[in-house]
Amino acid sequence: PAPFSLSPLIRPDALGSDAITASLLYSQYFGALAQGLECADSVPAADRIVLGTEKGALVIFDLSNPSSRTSSASAPPPSATFVARHDRFVPHKIDQLAVIKELNALVCLAGGDLTLHSLPDLNLLSSFAPQTKGAGSNFALHTEIRHGVEAEGGVPTIRTTLALACK
């Protein structure tokens, strides 16, 4: 499939003059679906588009069209509705965004520093600036379910690993 484009969904005046430097499609119900906007198969299930800008702003859109959740070729394309713009979300260019659905948290890499923010209110949960000292360049998330052994009661646990590459 062809790459997904924001152009038909979002009017340019809704974005302002800042260049978009990071993007995230995610669903509050289905977790992180795609980082970047290259996966067309992820679009129908996502219900939020979060964009980071070169000036540290966060721009949020709802992505909606219930009929597009089916795989029908005749289904109309989804539509985007502006939700909010946070002009001073972080003081630097936003390089990467992700969601840790188990924590209901947004992960943001900006200016080499990694921060966690609660969803949907975006309050700062944690900053790793003292540890990264502005040297973070990229991060990766991995979540796995570990099934407990009988001796431990057999309760499954969810483990999420956040790995940060530094310069």
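Predicted model: local features only at pLDDT ≥ 70, side-chain atom pairs only at ≥ 80, totals over all residues.

Colleague: OK, back to Ser118. Where is it found?

Modeller: Ser118 is in strand β8. Strands (E, at least two residues) and helices (H or I, at least four) are DSSP runs, numbered from the N terminus.

Colleague: And is Ser118 buried or exposed?

Modeller: Ser118 counts as buried because its relative accessibility is 11%. The cut-offs are under 20% relative accessible area for buried, over 50% for exposed, and partly exposed in between, using a 1.4 Å probe and protein chains only.

Colleague: Which side chain does Ser118 join in a polar contact?

Modeller: That of Asp121, at 2.2 Å. A polar contact is a pair of N or O atoms within 3.5 Å; within protein, one must be able to donate a hydrogen and the other to accept it, and residues adjacent in sequence count only if both atoms are side-chain atoms.

Colleague: What about Asp113?

Modeller: Asp113 lies in β8 too, a strand that covers residues 113–118. The side chain of Asp113 makes a polar contact with the side chain of Thr132, at 3.0 Å. Beyond four places in sequence, Asp113 is in contact with Cys108, Ala129, Thr132, Lys133 and Gly134.

Colleague: How far is the C-alpha of Asp113 from that of Asp95?

Modeller: They are separated by 9.8 Å, and the two residues are 18 apart along the chain.

Colleague: Which sheet does β8 sit in?

Modeller: An open one of four strands, in the order β6-β7-β8-β9, with antiparallel pairing. β6 (94–100) and β9 (124–127) stand at the edges with a single partner strand each, so one side of each has no neighbour in the sheet. From one strand to the next, the twist averages 20°. For pairing, DSSP has to find at least two bridges between two strands.

Colleague: How many bridges join β7 to β8?

Modeller: Six, and the two strands run antiparallel. Leu109 stands opposite Leu114 in β8. β7 and β8 form a hairpin with two residues between them, and Gly111 in the turn has a positive phi of about 60°.

Colleague: And on the β6 side?

Modeller: Six bridges join β6 to β7 (residues 105–110), again antiparallel. Ala98 has Val107 in β7 as its bridge partner. That hairpin has four residues between β6 and β7, with Asn104 in the turn at a positive phi of about 50°.

Colleague: Which residues are buried on the two faces of β7?

Modeller: Ala105, Val107 and Leu109 are buried on one side, and Leu106, Cys108 and Ala110 on the other. In numbers, six of the six residues of β7 are buried.

Colleague: Switching topic: how many disulfides are there?

Modeller: The count comes to zero disulfides, where a disulfide is a pair of cysteine sulfur atoms within 2.5 Å. As for the cysteines, Cys108 counts as buried because its relative accessibility is 0%, whereas Cys166 counts as partly exposed because its value is 45%.

Colleague: Last one: how many helices and strands are in the chain?

Modeller: Two helices and 11 strands, in the pattern α-β-β-β-β-β-β-β-β-β-α-β-β along the sequence. Of the chain's 167 residues, 38% count as buried.

How values were computed
Residues numbered from 1 in each chain as written. Heavy atoms only, no water. Contact = heavy atoms within 4.5 Å. Axes fitted to C-alpha atoms, helices over the stretch in contact; angles between N-to-C directions.
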